Amino acid sequence: MQTVNIRVFDTPHDAGIYVAALAEQVIQSRPDPVLGLATGSTPIPFYDALVGLHRCGLDLSSVTTINLDEYIGLPPTHEQSYAYFMHRHLFSRTNIRPENIHIPNGMADDLVAECARYDDVIRQHPIHLQILGIGVNGHIGFNEPDDLLLSKTHVVELRPETVRSNARFFERIEDVPRRAITMGVQAILQADQIVLMAFGPEKADIIARSVLGEVRTDVPASILQLHKRVTVVLDRASAQGLFDESGRLREK
């Protein structure tokens, strides 16, 4: 990464407080802040901390949010849809305005048109701070490992390892959607600032490959090395592959 900041915390809770502080800086420094948001278990400590800041006086009414992705075939009322997730963990707990919330429509009749519509949203609202998680296979958003990473919003077939990983949120693995709409890598890389979050020992190997390895399309998160301002926020378990016995960052 051109300018890599690695921050390692004892707990995801502590990490979430740090990321919320970064978001607060962006929110208070701009009249029209735009946050790119992620879902899954990893960013929940960040959302909890941001809600805490809001309850202490941080006004979020000027914030625009743009989510990375959404399952195809799940309505917003479905408990495992990302629209439902965002409402539960952030939107219902703050004063972010509904008209400023943007999430792909996984129920759209014309998915090609929906992808084009979402790219228009992103063009109209350049992202100031993009929050990312990372899949065990290195995906960011739902940009899965492939021979080619697509730049624009697109429909993606989820890899088996992604389906298996997400099955913990569903009653049965058969209930996990096999397709999703995801923001492309171009929009992610065009954000002013990116925060990549990862927790747990199962993320240690892919974090090491993404941060220290070559830029490869079969490790999508490695493309973040091309960005000028990335902060990698970890707990000690997910960071264990980055440092040698003396505590120094390993070389590529």
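Which side chain does the side chain of E114 make a polar contact with? It is the side chain of R117, at 2.7 Å; a polar contact here is a pair of N or O atoms within 3.5 Å, and within protein one atom must be able to donate a hydrogen and the other to accept it, while residues adjacent in sequence count only if both atoms are side-chain atoms. E114 sits in helix α4, and it counts as buried because its relative accessibility is 6%. Buried means under 20% relative accessible area, exposed means over 50%, and partly exposed is in between (1.4 Å probe, protein chains only). Helices (H or I, at least four residues) and strands (E, at least two) are DSSP runs, numbered from the N terminus.

A word on the background. The model is predicted, so local features need pLDDT of at least 70 and side-chain atom pairs count only at pLDDT 80 or more, while totals for chains, interfaces and linings use all residues. Residues are numbered from 1 along each chain as its sequence is written, and side-chain values use heavy atoms, with hydrogens and water left out.

Now for the sheet. Seven strands make up an open sheet with parallel pairing, in the order β1-β10-β9-β6-β2-β3-β5. Its edge strands, β1 (4–9) and β5, each pair on one side only; two strands pair if DSSP finds at least two bridges between them. Strands β9 (residues 193–198) and β10 run parallel and are joined by five bridges, with L196 having V232 in β10 as its bridge partner.

On to β3 (residues 64–67). In a regular strand, side chains alternate between the two faces of the sheet. Here T64 and I66 point one way, T65 and N67 point the other way, and all are buried. Strand β2 (residues 34–37) runs parallel to β3, and four bridges join the two. G36 stands opposite I66 in β3. To get from β2 to β3, the chain passes through helix α2 (residues 44–55), and this β-α-β crossover is right-handed. That label applies if, with the strands pointing away from the viewer, the path from the first strand over the helix to the second runs clockwise. β3 also pairs with β5 (residues 101–102) in the parallel sense, over two bridges, and T65 has I101 as its bridge partner in β5.

On a 1 Å grid over the protein atoms alone, a pocket is an open set of points where a 1.4 Å probe fits, with protein on both sides within 12 Å along at least five of seven lines, and lining residues have an atom within 4 Å of a point. Grid points are joined across faces, edges and corners, and a volume is the space filled by probe spheres set on the points. The largest pocket is lined by 33 residues, and T39, G40, S41, R168 and F169 lie nearest its centre. Helix α3 gives the most to this lining, with five residues.

The second largest pocket holds about 190 Å³ of space. Its lining includes D119, I122 and R123, and α4 supplies the largest share, three residues.

Finally, Q225 lies in the loop between α7 (204–212) and β10 (230–235). Q225 counts as buried because its relative accessibility is 7%, and its side chain reaches the backbone oxygen of G213 at 2.8 Å.
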